[in-house]
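Subject: Structure handover

Dear colleague,

Here is the structure I said I would pass on. My notes on it follow below.

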Amino acid sequence: MKKRLVVLIILLALIIMSFGITRTKVFRVPEGWPDPVYNFEKNPLTAEQIELGRILFYDPILSSDSIVSCNSCHLQYSGFTHVDHSLSHGIKDRIGTRNSPVLINLAWNRSFMWDGAVNHLDVQALAPISNHNEMDETIGNVIVKLNRSKIYPYLFTRAYGDDSITSSRILKSLSQFMLTLISCNSKYDSVMRKESSFTIQEENGYQLFRRNCASCHKEPLFTNGEFENNGLSVDTTLNDAGRYKVTLRSNDSLLFKVPTLRNIEFSYPYMHDGRFKSLREVMDHYSSGIVKHKTLSKQLHSPITITSNEKVDLIAFLLTLTDRYFLFNKEFSYPREIFSK
Amino acid sequence: MRNFIIIVCFFFTTCSFSQHSIEFIPVYGFQSFTTDKYYPINQTDSVKIETLKFYISSVEFIKRDVVVFREEKSFHLIDLAKPQSLQISDLPNDIDFTHIGFNVGVDSVTNVSGALDGDLDPSLGMYWTWQSGYINVKIEGKSNLCRTRLNEFSLHLGGYRTPNLSVQNIELAVKNTQNMKIYFDLHSFLTSVGLQDQNQIMSPGIAAVRLSEKFAQSFNSREK
């Protein structure tokens with residue numbers, strides 16, 4: 001009798017626990033990496049909220065014409081940037097003013113966008129959603145559309161316990177998905193973990209990198225997260241003053257955020273306006289194309305002397321930053337199972 | 001039994017259900033004020049306000065320079081299109097104080113805290129999506145002084161980064177601490193804007209800071 005009672009109690013407890021159970025996820029910091037900047041306490045990861053974020057990321061319902069999704073400008077196979085376009089385009093083929101940045105290792109970002117206009121990952125999505133050239137929508141109308149849909153009330157209940165669809169839930173779910181986009185399994189990473197070794201050419205390239213590039217493109221994130229002026233000539237068709245637009249400080253004129261170099265093999269074209277189609281062009285810029293603007297970063301005041309062969313080696317090293325586990329990870333991909341229903 | 005009932009009733013009346021409340025009252029000089037109505041701005045020109053929304057935050061009760069109460073999660077979006085929003089109630093009733101303190105706008109820390117809810121929800125039209133930050137004060141309307149399309153003016157005052165920090169702190173003396181009435185004089189504010197020259201502010205900067213100061217100066221409790 002006592003045994004049966006114990007079994008019954010355990011069964012009841014399990015049944016009760018299965019209601020509203022969400023699976024928490026631990027954010028794994030790769031060994032030796034700095035602490036993430038994102039405050040996970042305010043938005044603890046759960047499998048259901050990440051999944052909701054992933055579905056929203058790939059859903060064109062966020063745009064006013066229901067054709068453009070986040071994925072339209074942030075394709076996984078290129079490191080979540082807009083491949084083949086110098087300036088990204090949005091709804092009705094409207095062209096924007098910049099190249100969409102990669103979405104890699106965002107938990108370590110202190111600011112977002114090329115000029116740091118967005119100060120927190122949770123409010124990042126508001127920018128493309130509301131931008132006339134991108135999704136041309138309002139978050140308020142997104143909420144209306146999600147409420148009307150067949151699947152979102154269910155998905156929000158699964159993720160949050162009730163079907164209340166609010167802007168903060170939409171934004172925080174998107175954040176959760178984006179936070180999972182960690183790239184730390186390139187050949188470079190396995191070499192650092194002493195699991196493999198560079199070729200001679202790659203090793204040469206690595207040493208050249210450390211001498212000439214690492215002060216801004218600091219390991220292991222391959223960015224120092226700062227705003228720098230890397231001597232790009234001003235494109236007078238755009239007149240993009242970069243960070244100055246946000247701070248209105250003249251010292252910030254023509255400064256842009258240092259992007260990560262991870263997966264650089266596939267995230268072309270390069271720079272905030274996508275002006276360089278190949279890594280070779282980037283090398284040539286640094287060796288002979290730097291314009292000595294007043295706000296040119298100190299690290300670039302002395303010229304970078306590098307031979308043609310050395311450029312090849314440097315590029316060989318940069319190719320070791322390609323992380324196929326990241327670029328083809330199905331957990332980051334289009335949720336076919338949801339959208340095909 | 002009868003005595004008991006009387007005592008119980010007496011107990012409930014002294015245990016006042018009325019709590020401290022703050023009512024924000026827009027005025028135009030000595031006149032009352034409503035939106036969508038033209039008021040004279042000088043001898044020849046007039047102005048009407050169609051939209052007026054602003055944040056009141058960090059409400060405090062102060063007695064002799066000491067803060068005796070600080071409202072928690074103190075963020076209120078005052079919207080003249082929503083009359084109930086003009087009153088802040090649910091404030092404790094058992095505190096003795098002489099002054100009330102509050103911010104017009106949202107503080108810097110809150111501006112970097114990501115996606116928030118309630119009155120701070122970014123879907124309420126008081127958040128800049130293209131450059132993170134709250135619009136502290138939003139005033140839109142028409143005046144013949146504005147040589148703009150449809151004579152419209154649009155003042156979106158925000159900015160949380162120095163030197164463009166536009167949130168303003170105000171402290172006012174209050175006598176009737178039960179039902180506090182805080183007036184904000186739109187005549188004094190609008191005449192200080194200079195609508196003939198300044199009719200579009202859509203981002204942080206010097207102009208936004210100056211007008212935020214002027215707007216805050218228009219608040220008073222009509223008490224010494």
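The charged end of A:Arg243 sits over the ring of A:Phe227, 4.1 Å from the ring centre; a charge counts as over a ring if NZ of Lys or CZ of Arg is within 6 Å of the ring centre and within 35 degrees of the ring normal. In chain B, B:Arg222 lies over the face of B:Tyr183, at 3.9 Å from the ring centre.

This is a predicted model: local features need pLDDT of at least 70, side-chain atom pairs count only at pLDDT 80 or more, and totals for chains, interfaces and linings use all residues. Residues are numbered from 1 along each chain as its sequence is written, chains are lettered from A and ligands numbered from 1 in the order in which they are written, and side-chain values use heavy atoms, with hydrogens and water left out.

Over all chains there are 42 aromatic pairs (rings of Phe, Tyr and Trp, the last by its six-membered ring, with centres within 6.5 Å; planes under 30 degrees apart are stacked, over 60 edge-to-face, the rest tilted). B:Tyr55 and B:Tyr134 form an edge-to-face pair, because their ring centres are 5.7 Å apart and their planes stand at 85°. B:Tyr55 is in strand E4 (residues 46-63) of chain B, and B:Tyr134, 79 residues apart from it, is in the loop between helix H2 (108-111) and strand E9 (135-143). Helices (H or I, at least four residues) and strands (E, at least two) are DSSP runs, numbered from the N terminus. Both tyrosines are buried, that is, under 20% relative accessible area, where exposed is over 50% and partly exposed in between (1.4 Å probe, protein chains only).

The largest nonpolar core has 64 residues, with A:Leu56, A:Phe57 and A:Leu62 among those with the most contacts inside it. Such a core is a set of buried Ala, Val, Leu, Ile, Met, Phe, Trp, Tyr and Cys residues joined through side-chain atoms within 4.5 Å. H8(A) gives the most to this core, with six residues. A second, separate core of 48 residues includes B:Ile100 and B:Phe153. A:Phe57 also belongs to a cluster linked by ring pairs, including A:Phe80 and A:Phe177.

In H7(A), A:Tyr152, A:Pro153, A:Leu155, A:Phe156 and A:Ala159 are buried. They are on the same side of H7(A) because they cover an arc of only 160° around the axis, taken from the directions from the helix axis to the C-beta atoms. These buried residues pack against H2, H6 and H8 of chain A (contact: heavy atoms within 4.5 Å).

Regards
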